[in-house]
Amino acid sequence: EALELVLKRLREADLLLWDGSLQQYGVTPLAQQLLGLLSPLVKSAEADADLAALLANVAGAHQLGTLDPAQLQHLQAQLSRLYDEFADAIASGSEFHLRRARQRFERALKLVERASEALSAIMVQAQEQGNARLERLARELGLAQARLLAMASQFNRALQQADRQRVTLGSTGITTTDVRRWL
């Protein structure tokens, strides 16, 4: 009901068009201009903002029935890029690099976990419609999510190893980590 109300208001404001012959929504040129004007204002400094935007686009397109396989491919590429970035942080062995990456990783995990319901719905709908390509892409996206989720234990091990390598300087209780933060 809320979705229908929002869609109605977007149509009334000439931001959204319904094509009855194709049974899908389209964005008007006015909406495209508005998006272009607003996008610099909504850009977040956080690197995981791209992931949040992609997940929202995929979930929204699925709800509207306009999901395109290219959207799933783009999301999968983003998840792969994040996986590689986090794997590099783990391989670096740097405690500071690990801690920074771990914060981003936890934010990304929350987003991925919330998106799992939408992904399941996409797979079911693709199976029902007989859309093999969309189903295959959704399954590959699920595997990319699983790889990312499995990385949590790798972060824990790498941080534990960094903790073991930390040195306490004399009887002061100051560690090399404290010195590094101060510098």
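A crossing of two helices is called left-handed if the near helix is turned anticlockwise from the far one by less than a right angle, and right-handed if it is turned clockwise. The legends below concern a predicted model, in which local features need pLDDT of at least 70 and side-chain atom pairs count only at pLDDT 80 or more, while totals for chains, interfaces and linings use all residues. Residues are numbered from 1 along each chain as its sequence is written, and side-chain values use heavy atoms, with hydrogens and water left out.

**View 1. The protein chain and its elements.** The protein chain holds seven helices and four strands, where helices (H or I, at least four residues) and strands (E, at least two) are DSSP runs numbered from the N terminus. Read from the N terminus on, these elements follow the order α-β-β-α-α-α-α-α-β-β-α. Of the 183 residues in the protein chain, 30% are buried, a word that stands for under 20% relative accessible area, with exposed meaning over 50% and partly exposed in between (1.4 Å probe, protein chains only). The chain exposes about 11,900 Å², and carbon and sulfur atoms supply 54% of that area, as computed by the Shrake-Rupley method with a 1.4 Å probe, where for residues only the protein chains shown count as cover.

**View 2. Helix α4 beside helix α5.** Two packed helices are described by the angle between their axes and the distance between the axes. The axes of α4 (residues 69-92) and α5 (residues 95-129) come within 11 Å and cross at roughly 150°; these axes are lines fitted to C-alpha atoms, for helices over the stretch in contact, and the angles run from 0 to 180 degrees between N-to-C directions. The two helices are therefore roughly antiparallel to each other, since angles over 145 degrees count as roughly antiparallel, under 35 as roughly parallel, 65 to 115 as roughly perpendicular and the rest as oblique. In passing α5, α4 makes a left-handed crossing.

**View 3. The residues between α4 and α5.** On the α4 side, the residues that meet α5 include L72, L79, L82 and F86, and their partners in α5 include L98, A101, F105 and V112; contact here means heavy atoms within 4.5 Å. By class, this contact has 12 nonpolar, two polar and three charged residues.

**View 4. Q24 in strand β2.** Q24 lies in strand β2 (residues 24-27), and its relative accessibility of 35% makes it partly exposed. Leaving aside neighbours within four places in sequence, Q24 is in contact with L17, W18, D19 and T66. The C-alpha atoms of Q24 and T66 are 6.4 Å apart, although 42 residues separate the two along the chain.

View 5. T28 sits in the loop between β2 and α2 (29-42) and is buried, with a relative accessible area of 6%. Not counting residues up to four places away in sequence, T28 touches D14, L15, L16 and L17. D14 belongs to the loop between α1 (2-12) and β1 (16-19), and it has a positive phi of about 60° although it is not a glycine.

**View 6. Two alanines in helices.** A53 is found in helix α3 (residues 49-64) and is partly exposed at 39% relative accessible area. A118 in helix α5 is also partly exposed, with a relative accessible area of 24%, and its C-alpha atom is 9.1 Å from that of L55, 63 residues away in sequence.

How values were computed
Nonpolar A, V, L, I, M, F, W, Y, C, P; charged D, E, K, R; others polar.
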